[in-house]
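Colleague: Could you walk me through reading a few local features in this model? I'd like the general idea and then the case in hand.

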Amino acid sequence: MAIDLIIGLQWGDEGKGKIVDILAPKYKIITRFNGGPNAGHTILFDGKKFVLHVVPSGIHRTSCMNYIGNGVVLNPVLLCEEIKNLEQAGINVKEHLFISNKAHIIIPTHCAIDKASEESKGSKKIGSTNKGIGPTYKDKVGRDGLRMVDVFSDSFKEKYQNLKGYHMEILQDLYKEHFEIASIVDEEEKFFEAIEILKTYKICDTVELINKEISKGSNILAEGAQGSMLDIDHGTYPFVTSSSVIAGGVCTGLGVSPKSINKIYGAFKAYVTRVGSGPFPTELFDETGETMRKIGNEFGSTTGRPRRCGWLDLIALKYTCTMSGVTDLVILKSDVLDAFDKIEVCVGYLDENNKKLDWPPIDMSLVKPIYKSFDGWKTDTTKIRKFEDLPKKMIEYLDFISNFIDIPISFISIGPDREQTIVV
Ligand code: GDP
Ligand code: IMO
Ligand code: MG
């Protein structure tokens, strides 16, 4: 029983990075198991802010080793940039980072296809981060992908050219109007430079290492990327990402047994945000949504896009907690609601025939939320450090959420800084 897990319960950007960084000192290994540079995990301490994309959020803790698991897809150029920034901040990445030799590689034409495919969809676009995630996982499942182990093979360039050739056919046949060949040439040079740099880091069998650590009883924390409502199977398909985001994804994404999983922390915001297209039952299009975006600084950590904002949706939250067997809830950004007079929480849906639902239907775009209203606590909570010092009205609100979902809240985050966290 050695792996604890943190997953996002909404549409991503719940604040997973902050919580991983806080919990990290209790663990020997922090490991990512899904997604790629579409993720942006923010950490703030001593007045400094770091955004991590594929490097796990334990990298700022010298006691932790950080693994990029086999389920992750890597862009060598972006990973090198991320490593460079960390090294400039004085972190010994060479010693503390392990990259799975089974992780798939994002090549420049994956990004070109992602971008061209999105552009060709017009108003039906997914709102992808255009980091090549979908096309790379497509090649993985189609058994055409390149893996980190391949960079050591004499035939790496040949394998690369074969894959690129296949992509160029797709680009020229399907997306002629949406792509420029010149951009690929420039990126290809940087790609091969980055591959040479990465070869000097630890590219290894992380599955063997993790399983040996499990047998020794070491503590491991798996850091989920994205949010469960973006899961390839259980999210709002097709407006989803291309990996398994729910707890089940950790077994395939790291090569570990379900029996090795212990605690499952589920992170959620006190309201909901979504970046990109797709259904969002509690979305606000009025001034209240605008206020959430402003106070919560809801702009994407990876793309800078404004995030769509809305009230907390307990039907979606219960659904995602159930699928992953969440044992501990972590609520973040409740401070954003500090100044609100009224706070709404969605406790049910009405379908097109006004039938009440307590489980998200396959097409969530057709439901209307049923709200329960709470009086706001109208208190600055950002300096509070003890649960018992929280305003009474906020505790009532937290109790309602915890009772509705039937899972205890273990952490409350009341600001972006490491210090702004209450252990319940
Ligand atoms: P992640 O992808 O789940 O790691 O989350 P992101 O880093 O993309 O987005 C979370 C944003 O909220 C970041 O800018 C954090 O610095 C910030 N944040 C995290 N926790 C809190 C909190 O409790 N209150 C406020 N106001 N901001 C927070
Ligand atoms: P973290 O780990 C929020 C969204 C994109 C888009 C959809 C598909 O920071 O929570 P993709 O690039 O995967 O093809 O995009 O998924 N998305 C995220 N939204 N946080 C993320 O990661 C996301 N990763 C992908 O906006 O709607
Ligand atoms: Mg994020």
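Modeller: Ile43, for instance, sits in strand β3. Bear in mind that this is a predicted model, where local features need pLDDT of at least 70, side-chain atom pairs count only at pLDDT 80 or more, and totals for chains, interfaces and linings use all residues. Residues are numbered from 1 along each chain as its sequence is written, chains are lettered from A and ligands numbered from 1 in the order in which they are written, and side-chain values use heavy atoms, with hydrogens and water left out.

Colleague: Is Ile43 buried or exposed?

Modeller: Buried means under 20% relative accessible area, exposed over 50%, and partly exposed in between (1.4 Å probe, protein chains only). Ile43 comes out at 1%, so it counts as buried.

Colleague: And what does Ile43 touch?

Modeller: A contact means heavy atoms within 4.5 Å. Not counting residues up to four places away in sequence, Ile43 touches Gly17, Asp21, Lys48, Lys49, Phe50, Leu52, Ser57 and His60.

Colleague: Which residues does UniProt list for "binding site"?

Modeller: UniProt positions are in the numbering used here, with feature names shortened, and annotations may be inferred rather than shown by experiment. The unreviewed entry lists Asp13 and Gly40. They span 28 residues in sequence, yet no two of their C-alpha atoms are more than 7.6 Å apart, so they gather at one spot.

Colleague: Which pocket lining takes them in?

Modeller: On a 1 Å grid over the protein atoms alone, a pocket is an open set of points with protein on both sides within 12 Å along at least five of seven lines, and lining residues have an atom within 4 Å of a point. Both Asp13 and Gly40 belong to the lining of the second largest pocket.

Colleague: Where do the two sit in the fold?

Modeller: Asp13 is in the loop between β1 (3–8) and α1 (16–23), while Gly40 is in the loop between β2 (29–32) and β3 (41–45). Asp13 is partly exposed at 22%, whereas Gly40, at 9%, is buried.

Colleague: What is Asp13 in contact with?

Modeller: Leaving aside neighbours within four places in sequence, Asp13 contacts Gly40, Lys269, Val275 and Arg307. On the same terms, the partners of Gly40 include Asp13, Ser301 and Thr302.

Methods
On a 1 Å grid over the protein atoms alone, a cavity is a set of points where a 1.4 Å probe fits but cannot get out, and a pocket is an open set with protein on both sides within 12 Å along at least five of seven lines; lining residues have an atom within 4 Å of a point. Helices (H or I, at least four residues) and strands (E, at least two) are DSSP runs, numbered from the N terminus.
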